[in-house]
Amino acid sequence: MELSKAEMYQAILEKDTSFEGLFFTAVKTIGIFCKPSCPARKPKIENVEFLFSSKDCLLKGYRPCKVCKPLEPVKSMPLEIRKLLKEMVSNPDLKINDRGLPIKSRLKCWETQWLSVQWPVPMG
Ligand SMILES: [Zn+2]
């Protein structure tokens, strides 16, 4: 499942840092692109274009926002993934794969997507 435009717009309104790295908010009226968590004033939804890589934003002629610096690496990670990593560290025998362990099934679709974007190495 992919994030819908409404879900992404809601994430930027809430400045939700857990969406960082999943998509960028490009503002058509000012030609700037931001991280989902950018603290700057939010544009109207009709003036926003959601893009999935900073490269796409740059290729479309958008400049990186000076406030949220979308070209800098993502620092935060979703809470469920932090918990998952903690469980993996405390239990090295734990195997996680795409067939799905209970832990992985707790992740929401976008969190699994976050993991594959941020951490493209195969697990398990
Ligand atoms: Zn910004």
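A residue is taken as buried if 20 or more other C-beta atoms lie within 10 Å of its own, exposed if 12 or fewer do, and partly exposed in between, with C-beta atoms placed from the backbone. The structure is a predicted model, in which local features need pLDDT of at least 70 and side-chain atom pairs count only at pLDDT 80 or more, while totals for chains, interfaces and linings use all residues. Residues are numbered from 1 along each chain as its sequence is written.

The protein chain holds five helices and four strands, where helices (H or I, at least four residues) and strands (E, at least two) are DSSP runs numbered from the N terminus. Their order along the sequence is α-β-β-β-α-β-α-α-α. Of its 124 residues, 23% count as buried. Contacts (C-beta atoms, placed from the backbone, within 7 Å) between residues at least 6 apart in sequence join residues at least 24 apart in 62% of cases.

Most residues other than glycine have a negative phi. Lys 15, by contrast, has a positive phi near 50 degrees; this residue sits in the loop between helix H1 (5–13) and strand E1 (24–27), and counts as partly exposed because it has 15 C-beta neighbours inside 10 Å. Lys 69, also not a glycine, has a positive phi of about 45 degrees. Its loop runs between E4 and helix H3 (79–90), and with 12 C-beta neighbours inside 10 Å Lys 69 is classed as exposed.

Gly 61 belongs to the loop between helix H2 (54–59) and strand E4 (63–64). Because Gly 61 has 9 C-beta neighbours inside 10 Å, it counts as exposed. Its C-alpha atom is 7.2 Å from that of Gly 31, a residue 30 positions away along the chain.

Key:
Contact = placed C-beta atoms within 7 Å.
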